[in-house]
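Reader: Could you walk me through a protein model, one feature at a time? I would like to learn how to read each kind of feature.

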Amino acid sequence: MAEEHPLVVAGDDVLLDEILRVAAAAGCEVERAPDLAAARGRWARAPLVVLDEEAARTPSKLLRRNKVLLVCKGAPTPLTWERAFNTGSEKVLSLPDEEGDLIGAFADVVDGPARDDGVVIGVIGGRGGAGASVLAAAVAYRAEKTENGGLLVDCDPLGGGIDVLLAAERDRGPRWPELDLGGRVSMTALSEALPRKRYATGALSFVSYGREGRGPEPAAIEGVLDAGRRAGRTVVCDLPRYFGAETATVLGLADLVVIVVPAELRACAAARQVLARLEPQATRIGVAVRTPSPAGLDPREIADAVGAPLIASMGRERSLSAALDRGEFVLKHRGQLASAAADVLAAAHGNPAGVPR
């Protein structure tokens, strides 16, 4: 059976162009009809019907159905509401003010119903050079191997670009300067546009800063995170250690924020300062400890010194350090970094993996 697309019934050419532009922004293909009479054969089957006032002027004997939207230019008038009632429209959307709602309606058709198993994870360094970007990439890579998949989001404008860490800086696809997003976005459409780091067993979608150009607006970050979560993905955000509007947006949406702390006294002191800034904004915070400790401290002692629960710990992997210096990101299946990433995923999904190493 052929896939059914939303039905757009519009007699106003200017408003039709606006509706089609919004549908394209959501990555949604539509069918068109000039009036209700021409829409009769597709009226009942379409997953969504969008009408304009011109099409709604003519009385119709079409059966009432769900998911009918009436679009108007400017503020609705009493006549607009009368036409909405007569056509069984469940909502009236005024363009351009409520364009985001129309994008969301088209995106719902593309992505299907929102899932409840998507999560957002923020990863931040307790001090500079703690290895937060590496852990974020490892968690996203591990999540990509799960049924729902992962998405890696670079939120650090001074990090040099997460694509460089992935050795994917030459891969085609938009970076933040080219991603012109505002509000709701379809994950299906976003996945098709984003660059993907390919591995032997799959590919990881990512959003990276470029080497130049502006960064994202908070609304763009929120749109990407919301799209991933609604699609059931694990969205992993590499966070900077300063707190701007972009960081605040992630913290407000994150299910878990992980502070990466080397097992050193000064790193603990720095991480306590980071934790103090996180606590007013983040709902759940944990610590991932990088061992070994010069003083022989246990990871739990490090977490206690910072003041947050221990989520994971990981030792040094010499082969990984050498690979990163060569511009390669290789995650050993049984390595300590992969195990720590698995612990973070388990904690984020409410299924703690047990006592971290």
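This is a predicted model: local features need pLDDT of at least 70, side-chain atom pairs count only at pLDDT 80 or more; totals for chains, interfaces and linings use all residues.

Reader: Let's begin with the overall picture. How many helices and strands are there in the chain?

Author: The chain holds 14 helices and 13 strands. Its C-alpha trace spans about 80 × 40 × 40 Å along the principal axes. Of the 357 residues, 50% are buried.

Reader: What share of the contacts joins residues 24 or more positions apart?

Author: Counting contacts with a separation of 6 or more, 69% are between residues 24 or more positions apart. We will meet a few such pairs further on.

Reader: And the surface and the charges?

Author: The accessible surface is about 17000 Å², and carbon and sulfur atoms account for 49% of that area. As for charges, there are 42 positive and 48 negative side chains, and the centres of these two sets are 6 Å apart.

Reader: Next, helix packing. At what angle do helix 6 and helix 14 pack?

Author: A pair of helices can be read from the angle and the distance between the axes. Here helix 6 (residues 132-144) and helix 14 (residues 336-348) pack at about 70°, and their axes are 8 Å apart. Angles of 65 to 115 degrees count as roughly perpendicular, so these two helices are roughly perpendicular to each other. On the helix 6 side, the contact is made by Val-134, Leu-135, Ala-138, Val-139, Arg-142 and Ala-143. Helix 14 contributes Leu-337, Ala-338, Ala-340, Ala-341, Ala-342, Val-344 and Leu-345.

Reader: Which residues of helix 10 are buried?

Author: In helix 10 (residues 245-253), the buried residues are Thr-247, Thr-249, Val-250 and Leu-251. Their cover includes helix 9 (218-230), strand 10 (234-238), strand 11 (256-262) and helix 11 (265-278).

Reader: Now the backbone. What should I look for?

Author: Most residues other than glycine have a negative phi, and most peptide bonds are trans. Let's look at the exceptions here, starting with the peptide bonds. Leu-95 and Pro-96 are joined by a cis peptide bond with omega of about 10°. Pro-96 sits in the loop between strand 5 (91-95) and helix 5 (99-111). Another cis bond runs from Thr-291 to Pro-292, with omega near 5°. Pro-292 belongs to the loop between strand 12 (285-290) and helix 12 (299-306).

Reader: Where is Lys-67 found, and what is its phi?

Author: Lys-67 is in the loop between helix 3 (53-56) and strand 4 (68-73). Its phi is near 60°, a positive value in a residue other than glycine. With a relative accessible area of 47%, Lys-67 is partly exposed. Ala-167 also has a positive phi, near 60°, and lies in the loop between helix 7 (162-165) and helix 8 (187-193). Ala-167 is partly exposed, at 26% relative accessible area.

Reader: Let's finish with single residues. Is Leu-151 buried or exposed?

Author: A residue under 20% relative accessible area counts as buried. Leu-151, in strand 7 (residues 150-154), is buried, at 0% relative accessibility. Leaving out residues up to four places away in sequence, Leu-151 touches several others, including Ala-140, Phe-206, Val-224 and Val-235. Thr-234 is also touched; Leu-151 and Thr-234 are 83 residues apart along the chain, while their C-alpha atoms are separated by 6.3 Å.

Reader: Which residues does Ala-105 contact, leaving aside its neighbours within four places in sequence?

Author: Ala-105 is in contact with Leu-48 and Leu-69, with those neighbours left aside. Ala-105 lies in helix 5 and is buried, with a relative accessible area of 15%. The C-alpha atoms of Ala-105 and Leu-48 are 8.0 Å apart, for a sequence separation of 57 residues.

Reader: And one more from a strand?

Author: Take Ala-288 in strand 12, which is buried at 1% relative accessibility. Beyond its neighbours within four places in sequence, Ala-288 is in contact with Leu-135, Val-258, Ile-259, Val-260, Val-261 and Ala-312.

Notes
Residues are numbered from 1 along each chain as its sequence is written. Side-chain values use heavy atoms; hydrogens and water are left out. Helices (H or I, at least four residues) and strands (E, at least two) are DSSP runs, numbered from the N terminus. Buried means under 20% relative accessible area, exposed over 50%, partly exposed in between (1.4 Å probe, protein chains only). Contact means heavy atoms within 4.5 Å. Accessible areas come from the Shrake-Rupley method with a 1.4 Å probe; for residues, only the protein chains shown count as cover. Lys and Arg count as positive and Asp and Glu as negative; His and the chain ends are not counted. The place of a charge is taken as NZ of Lys, CZ of Arg, CG of Asp or CD of Glu. Axes are lines fitted to C-alpha atoms, for helices over the stretch in contact, and angles run from 0 to 180 degrees between N-to-C directions. Angles under 35 degrees count as roughly parallel, over 145 as roughly antiparallel, 65 to 115 as roughly perpendicular and the rest as oblique.
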